[in-house]
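Here is a report on one protein model.

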Amino acid sequence: MLALTPVITVSYEVKSAFLFLSILEFTVGVLANAFIFLVNFWDVVRKQPLSNCDLILLSLSLTRLFLHGLLFLDAIQLTYFQRMKDPLSLSYQTIIVLWMITNQVGLWLTTCLSLLYCSKIARFSHTLLHYAASWVSRKVPQMLLGAMLFSCICTAICLGDFFSRSGFTFTTMLFVNNTELNLQIAKLSFYHSFIFCTLVSIPSLLFFLVSSGVLIVSLGRHMRTMRAKTKDSRDPSLEAHIKALRSLVSFLCLYVVSFCAALVSVPLLMLWHNKIGVMICVGILAACPSIHAAILISGNAKLRRAVETILLWVQNSLKIGADHKADPRTPDLC
């Protein structure tokens, strides 16, 4: 049986390094997702029509801003308030459950993005599949509304289950004067909430895998067709397939990494009481959404143009400032 040495307390240097990393990840994640949100929200302010993809990215970036806030609170709670030898505090458990719920909402939104890519890019030969793809491309706002409604229902169920079990655990701990038994009851309650929130995300993950798989099959079929007809490497459909799959496959890889980190963090937190291991897992969880936000920016034409515009503005501002300093004929206002 695997046994890890409990690391109940950590040194000041480790805490400082973890907090610095958490602040860095929080800053990068907030900047990247706030950029996606503001670029698309600015079109709303100017009353410009948003495409279906922009609408999904707007919702996804807003969700991930909240996700990064929860992960930063998790890092602060873990660093200063939660001791490994004590049962998990209600505030720390609440942060974890809210993170799982928000992560589930993000998964649903990414599933909508995957379905949109599949309907817009994939080539379908069957009439029924072609009709389904056309329906999906027209019903993206309704899909988003349905995903949010389903997420709200799951959120209400998860929070109701969590707080009811927390109340039962608190009542039991008041009447049962047994520290070890109380600790086991608290662990079972947290395990149940974690498993319940994980199972709820299975339908959205299945939809994501199916739509991504259809897109991969369509890419393979398109490449065989293009290989037989022409040798032109500048094929717009091929480039669209590759950009979409880059975004979806990267999300799948990052989601698997973050899910494994979350899965490993539970026994590290509850059984082995290894604080350094939990800190590493939290750092991985915070890095994955930031990386995917950067990939989304690089794969979206409108966001890339916005980045280029900002960089050009910064470059011109620096050049004007340098010319102003270098020009000795600049009048003295004093």
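Two residues are in contact when heavy atoms lie within 4.5 Å of each other. By that criterion, and leaving aside neighbours within four places in sequence, Trp 99 is in contact with Leu 67, Leu 70, Leu 71, Ala 262 and Leu 285. The model is predicted.

**Overall make-up**

The protein has 10 helices and zero strands. From the N terminus on, its elements run α-α-α-α-α-α-α-α-α-α. The protein has 334 residues, and 43% of them count as buried.

**Trp 99 and helix α3**

Trp 99 sits in helix α3. Is Trp 99 buried or exposed? Its relative accessibility is 11%, so Trp 99 counts as buried. The cut-off for buried is under 20% relative accessible area. Trp 99 also lies 8.9 Å from His 68, C-alpha to C-alpha, although 31 residues separate the two in sequence.

**Helix pairs**

| Pair | Angle | Distance between axes |
|---|---|---|
| α3 and α8 | about 160 degrees | 11 Å |
| α3 and α4 | about 125 degrees | 8 Å |
| α1 and α9 | about 20 degrees | 9 Å |

Start with α3 and α8. Helix α3 covers residues 90–121 and helix α8 covers residues 236–270; they pack at an angle of about 160 degrees. That makes α3 roughly antiparallel to α8. The crossing of the two is left-handed. On the α3 side, the contact residues include Tyr 92, Ile 96, Trp 99, Asn 103 and Leu 107. Thr 110, Ser 114, Tyr 117 and Ile 121 of α3 also take part. From α8, the contributors include Ala 240, His 241, Ala 244, Ser 247 and Leu 248. Phe 251, Tyr 255, Ala 262 and Leu 269 of α8 belong to the contact as well.

Next, α3 and α4. They pack at an angle of about 125 degrees, with axes 8 Å apart. That makes α3 oblique to α4. The crossing is left-handed. Leu 115, Leu 116, Ser 119 and Lys 120 of α3 meet Ala 133, Val 136 and Ser 137 of α4.

Helix α9 covers residues 275–299, and its axis is 9 Å from that of α1. α1 passes α9 in a left-handed crossing. Among the contact residues of α1 are Val 14, Phe 18, Val 28, Gly 29, Ala 32 and Ile 36. Those of α9 include Ile 276, Met 279, Gly 283, Ala 286, Ala 287 and Ile 297.

Helix α4 has 12 residues, 127–138. Its first and last C-alpha atoms are 17 Å apart, close to the expected 16 Å. Which residues of α4 are buried? They are Ala 133, Val 136 and Ser 137. Seen down the helix axis, they fall within an arc of 95 degrees, so they line one face of α4. These residues also meet α3. On the other side of α4, Thr 127, Leu 128 and Tyr 131 are exposed.

Lys 302 is found in helix α10, residues 301–326. Its relative accessibility is 18%, so Lys 302 counts as buried. Not counting residues up to four places away in sequence, Lys 302 touches Val 39, Asn 40, Asp 43, Leu 50 and Asp 54.

Lys 47 lies in the loop between α1 (12–45) and α2 (52–81). This lysine is exposed, with a relative accessible area of 76%. What is phi of Lys 47 near? The value is near 60 degrees, positive in a residue other than glycine. Most residues other than glycine have a negative phi.

Arg 83 is found in the loop between α2 and α3. At 47% relative accessibility, Arg 83 counts as partly exposed. Arg 83 and Lys 275 are 192 residues apart in sequence, yet 8.5 Å apart in space, C-alpha to C-alpha.

Methods. Residues are numbered from 1 along each chain as its sequence is written. This is a predicted model: local features need pLDDT of at least 70, side-chain atom pairs count only at pLDDT 80 or more; totals for chains, interfaces and linings use all residues. Side-chain values use heavy atoms; hydrogens and water are left out. Helices (H or I, at least four residues) and strands (E, at least two) are DSSP runs, numbered from the N terminus. The expected span of a helix is 1.5 Å times one less than its number of residues. Buried means under 20% relative accessible area, exposed over 50%, partly exposed in between (1.4 Å probe, protein chains only). The arc is that of the directions from the helix axis to the C-beta atoms. Axes are lines fitted to C-alpha atoms, for helices over the stretch in contact, and angles run from 0 to 180 degrees between N-to-C directions. Angles under 35 degrees count as roughly parallel, over 145 as roughly antiparallel, 65 to 115 as roughly perpendicular and the rest as oblique. A crossing is left-handed if the near helix is turned anticlockwise from the far one by less than a right angle, and right-handed if clockwise.
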